[in-house]
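The sequence and structure come first.

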Amino acid sequence: MWNETEAARLLRITYPIVQGPFGGGLSSVELTAAVSNLGGLGSFGAHIFSPVHIRDIVAHIRERTASPFAINLWVDNEDPAMAGFDQASFERHVGRLHAHYAALGLDPPAFPDRFGQNFDEQIEALIEVAPSVVSFVFGIPSPRIIEACRSRGIRTIGNATTVEEARAIEAAGIDLVLASGAEAGGHRVSFLEPPERSLVGTFALIPQVRDAVRIPVVAAGGIADGRGVAAAMALGADGVQVGTAFLACSESGASPLYRAALLSDRARHTTLTRVFSGRLARAIRNGYSEKMAAYGDDLAPYPAQNWLTNSLRAAAIERGRDDLISIYAGQSAALLRHHTAGELFDALVRETGQAFRARAVRRRSI
């Protein structure tokens, strides 16, 4: 059977289908639990949450599912340029966004005591509550952390955008590698080279990573239906991660405005941009991304840029202004058609089985 892979065995799931973890509050307990209950691996992106909130999130997911699920963290939570980012720098970037704040009747955000969370504090809380799986992006955690996860029975997944990153993940002792192609929605999570130099397409990346490492490979980027699942596995993947298609489901943390954009014709037009968070990400093109493109890379570093746009995005959602929000989406978004996790998951399983059966029939007819 197509679903009986090493990735499925290690993750203790029925189908090697991983729901992509979404940052910025787009993950939800409901979606994570729903996917896990369906036999896949539900995931929750927790990088913006404090250790206290992370413990609560894990507890709430466990109330809704007894099946394995994953929590995702960013190993690198701060760009190097944050070291010199002071009040004056902050005010300069606030000035660029003044017209957008004014259009929504907002006061500019204040300079905070801390722009984001501390990874070391987050991972300690996560190891303490021990979810079945922890996945990492933007780097590789220390050997101490990997060993602590292993000692607690936590499976680990590392995200790679190049063959070199995949090899580094395997060498560190992480259990599975997620090969993320340039088609994927959301942040480009490269950590050995700048993301602009790590834009390998999914179906070029999968066989190269498969040949380079011995650990199970999960493919991500541009996979939204059973055809994509079957194609990825035919190229050597032991499983797949599906992000944008699950984000469009009613159980996700995305607003109705966001989901409507994902399911519209506009989803055909995505761009790689830093204007929302300060880090390169794939999103649907809109008025904000087009106007801010004039600044090129002269943007606040992460997480300061993300802080500057948080209130802007929240107010824009309240006012129905999808021209001012970040609509992260992969290049497969035009294929989306399902509105619930159950419908999507059933279709992925059914279509993948059909694709493999059709392939077997064609082989026998040759």
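Phe 138 sits in the loop that runs between strand 4 (133-137) and helix 7. In this predicted model, its phi is near 60 degrees, a positive value in a residue that is not glycine. Phe 138 has a relative accessible area of 7% and is therefore buried, the cut-off being under 20%.

Arg 12 likewise has a positive phi near 60 degrees and is a residue other than glycine. The loop that holds Arg 12 lies between helix 1 (6-11) and strand 1 (17-19). With a relative accessibility of 44%, Arg 12 counts as partly exposed, since that class covers values between 20% and 50%.

## Other loop positions

The peptide bond between Tyr 302 and Pro 303 is cis, with omega at about 5 degrees. Pro 303 belongs to the loop between helix 13 (287-292) and helix 14 (304-318).

Ala 81 is placed in the loop between strand 3 (69-74) and helix 4 (87-96). Its relative accessible area is 49%, so Ala 81 is partly exposed; the exposed class begins over 50%. Ala 81 and Arg 155 are 74 residues apart along the chain, and 33 Å separates their C-alpha atoms.

## Helix 2

How much of helix 2 (residues 29-37) is buried? Seven of its nine residues are, so helix 2 is largely enclosed by the rest of the structure. The buried residues are Val 29, Leu 31, Thr 32, Ala 33, Ala 34, Val 35 and Ser 36.

Gly 39 follows helix 2 and has a positive phi, near 105 degrees.

## Packing of helix 6 and helix 7

Helix 6 (residues 119-129) packs with helix 7 (residues 143-151) at an angle of about 15 degrees, and the two axes are 10 Å apart. Angles under 35 degrees count as roughly parallel, and helix 6 and helix 7 are therefore roughly parallel to each other. Their crossing is left-handed.

## The second largest pocket

The second largest pocket holds about 450 Å³ of space. It is lined by 23 residues, of which Asp 79, Pro 80, Arg 274, Gly 278 and Arg 279 are the closest to its centre.

By class, the lining of the second largest pocket comprises eleven nonpolar, four polar and eight charged residues.

## Cavities

Empty space left between atoms can be shown by rolling a probe the size of a water molecule over them. How many cavities of 30 Å³ or more does the structure hold? There are two.

The largest cavity has a volume of about 40 Å³. Its lining is made up of Ala 224, Ala 245, Leu 335, Leu 336, Arg 337, His 338 and Leu 344. Five of these lining residues are nonpolar, one is polar and one is charged. The volume of the second largest cavity is about 30 Å³. His 93, Arg 96, Leu 97, Met 292, Leu 299, Ala 300 and Gln 305 line the second largest cavity, and they divide into four nonpolar, two polar and one charged.

Notes. Residues numbered from 1 in each chain as written. Predicted model: local features only at pLDDT ≥ 70, side-chain atom pairs only at ≥ 80, totals over all residues. Heavy atoms only, no water. 1 Å grid on protein atoms, 1.4 Å probe; cavity = no way out; pocket = protein on both sides within 12 Å on 5 of 7 lines; lining within 4 Å. Points joined across faces, edges and corners; volume = space filled by probe spheres on them. Nonpolar A, V, L, I, M, F, W, Y, C, P; charged D, E, K, R; others polar. Buried < 20%, exposed > 50% of the residue type's maximum accessible area, 1.4 Å probe, protein only. Helix = DSSP H or I, 4+ residues; strand = E, 2+ residues; numbered from the N terminus. Axes fitted to C-alpha atoms, helices over the stretch in contact; angles between N-to-C directions. Parallel < 35°, antiparallel > 145°, perpendicular 65-115°, else oblique. Left-handed = near helix turned anticlockwise from the far one by under 90°.
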